[in-house]
Amino acid sequence: MDSRPDAGAPAPSDFGAFPLPVVGADLSVPLVTGEQVGYVNLDYAASAPCLRSVLDAVAALLPWYSSVHRGAGFASTVTTELYAAARQEVGAFVGARAEDTVVFTRNTTDALNLLAAALPEDTTVVTFASEHHANQLPWRRGRCVVLPVPVSAEEAVMRAEDALRDVTSRHRLLAVTGASNVTGELWPVPELAAVAHRHRARLAVDAAQLAPHCAIDIAGIGADYVALSGHKLYAPFGGGVLVGRGDWLDAARPYLAGGGAVRRVTRNDVEWASGPHRHEAGTPNVVGAVSLAAACRALSAVGMSAVAAHEASLLDRLTRGLHALPAVKRLAMWGPASPRIGVVTFNVRGFHPGAVAAVLSAEHGIGVRDGSFCAHPLMMALARNRAPEASDDAAVPLAVRVSFGVGTSAADVDRFLLALADLVAQGPRWRYRLDAGRYVPDPDPRPRPALAGLLAGGAAGAADGPLASQLAPCQAPL
């Protein structure tokens with residue numbers, strides 16, 4: 001089974017439920033000009049908004065919230081049962097096998113660090129330089145082979161095959177992403193799984209970006225482990241999960257030492273628990289687990305094929321709009337035709353990426369991401385594709401990223417395209433300055449919300465007004 005969006009997914013007219021209700025859909029934000037506009041969130045790949053149904057599930061849980069596993073009170077019994085049910089729901093969402101272990105973590109990074117800590121001693125990990133740092137750095141503590149960024153999906157499979165063929169250690173792990181957080185391109189996970197198993201290796205999939213956009217079936221794609229984050233799956237309550245084969249996890253030292261991970265403790269010895277509890281010491285994040293399960297249930301109800309079709313329609317609308325702007329240059333590993341999720345990264349000729357993001361926010365009320373996206377080796381490889389003379393000693397390249405999901409509408413995409421076209425044609429209408437490496441309006445008159453007293457709620461600075469004499473082009477153009 002392929003992890004890519006279902007080719008038989010319904011046409012856009014078949015999924016009238018979209019966009020799904022998300023918290024913040026009616027948010028109004030101030031502009032530097034003094035206007036208030038509806039906020040357009042196009043930064044889903046960093047942290048997706050909370051589904052309204054997930055918030056409702058959390059609100060229903062909180063009156064019953066209590067200790068888990070050992071509490072005698074009825075609320076504790078209910079909370080314990082909810083936690084167990086959440087484990088089953090999340091496992092079902094990713095197609096966990098009966099023998100798989102579902103361990104709740106903080107996020108994908110935490111899950112992959114847990115797996116790295118559980119690797120048998122004689123293990124070699126093979127991964128790619130194109131991975132998010134979360135799927136690179138944990139493996140570097142042991143024996144790790146980092147392959148170059150492949151120029152095609154076919155080369156990725158070939159390089160993995162060659163590398164695993166040369167590995168001589170007893171245990172082997174191939175660690176890859178399901179979808180790039182930089183370019184959105186989908187990786188050939190089933191083919192990589194076949195290669196891994198042919199060479200007696202296991203496959204770990206960083207599904208942080210894949211899970212919100214495509215159906216996942218661990219057995220179908222041949223993965224041995226899958227890691228994902230709640231905050232990218234419309235459940236931003238601090239939960240994540242590692243799902244996969246339990247033998248390595250049961251043989252490893254507990255990820256954390258403490259209560260809940262043990263069967264029996266004496267003055268001189270510890271009998272550790274097996275299964276997921278072995279790596280969930282301390283009071284677990286019940287709210288995070290239940291909210292993640294609620295998101296899985298909501299997405300399953302609407303159908304991941306419908307989700308993929310909705311986003312494919314938006315992606316087509318976005319890419320056609322960007323193509324009409326000659327100053328915009330998209331980033332891709334394998335070319336514009338490669339299958340991808342709703343993530344598009346680009347640069348605008350003559351403008352620093354940070355300045356583009358600042359203008360979109362301050363003058364148009366649109367949130368995007370700029371930077372290197374915790375994928376420095378990939379960004380440097382993409383830069384070398386444009387400038388082969390670039391070296392690893394050069395500064396890490398930057399770009400602008402637009403990403404969307406189930407709460408995004410066609411109107412959101414259109415508003416972004418109009419704002420970007422205005423910037424390209426007219427330049428910024430306000431002055432900006434660098435502050436600790438970030439472009440910020442100068443001055444920034446937008447009032448902050450009080451938010452339970454945590455923010456002052458006053459303006460960040462008094463505006464003199466966007467006079468023509470104040471306009472300055474964004475510096476450091478690419």
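Select residues 108-118 first: that is helix α3, and it is mostly covered, with nine of its 11 residues buried. Buried here means under 20% relative accessible area, exposed means over 50%, and partly exposed is in between (1.4 Å probe, protein chains only). Helices (H or I, at least four residues) and strands (E, at least two) are DSSP runs, numbered from the N terminus. Before going on, note that this is a predicted model: local features need pLDDT of at least 70, side-chain atom pairs count only at pLDDT 80 or more, and totals for chains, interfaces and linings use all residues. Residues are numbered from 1 along each chain as its sequence is written, and side-chain values use heavy atoms, leaving out hydrogens and water.

**Around α3.** Colour the buried set: T108, D110, A111, L112, N113, L114, L115, A116 and A118. Then show what they pack against: strands β4 (100-105), β7 (171-177), β8 (202-206), β9 (225-229) and β10 (240-245), plus helix α7 (246-251). Contact means heavy atoms within 4.5 Å. Now zoom to the start of the helix, where a side-chain oxygen of N107 comes to within 3.3 Å of the backbone nitrogen of T109. A polar contact is a pair of N or O atoms within 3.5 Å; within protein, one must be able to donate a hydrogen and the other to accept it, and residues adjacent in sequence count only if both atoms are side-chain atoms.

**On to T123.** Strand β5 (residues 123-128) holds T123. Is T123 buried or exposed? T123 has a relative accessible area of 5%, so it counts as buried. Its side chain reaches the backbone oxygen of P120 at 2.6 Å. Leaving out residues up to four places away in sequence, T123 touches R143, S169, H171, R172 and L173.

**The cores.** Next, select L174, L203 and L228. Of the 87 residues in the largest nonpolar core, these three touch the most other members. Helix α8 (residues 286-302) gives the most to this core, with 10 residues. A nonpolar core is a set of buried Ala, Val, Leu, Ile, Met, Phe, Trp, Tyr and Cys residues joined through side-chain atoms within 4.5 Å.

**The pockets.** Switch to a surface view. On a 1 Å grid over the protein atoms alone, a cavity is a set of points where a 1.4 Å probe fits but cannot get out, and a pocket is an open set with protein on both sides within 12 Å along at least five of seven lines; lining residues have an atom within 4 Å of a point. Grid points are joined across faces, edges and corners, and a volume is the space filled by probe spheres set on the points.

The largest pocket has a volume of about 530 Å³. Pick S361, A362, D444, R446 and R448, which lie nearest its centre among 22 lining residues. Helix α10 gives the most to that lining, with five residues. The lining divides into 13 nonpolar, four polar and five charged residues; Ala, Val, Leu, Ile, Met, Phe, Trp, Tyr, Cys and Pro count as nonpolar, Asp, Glu, Lys and Arg as charged, and the others, Gly among them, as polar.

The second largest pocket holds about 380 Å³ of space. Its lining has 26 residues, with A45, H132, N181, K232 and C374 nearest the centre. Strand β16 supplies the largest share, three residues. Here the division is seven nonpolar, 14 polar and five charged.

Phi of Y234 is near 65 degrees, a positive value in a residue other than glycine, and Y234 is buried at 1% relative accessibility. Jump to A436, in the loop between β18 (432-435) and β19: A436 also has a positive phi, about 55 degrees, but A436 is exposed, with a relative accessible area of 78%. Last, check two cis peptide bonds: F18 to P19, with omega near -5 degrees, and D442 to P443, with omega near 0 degrees.
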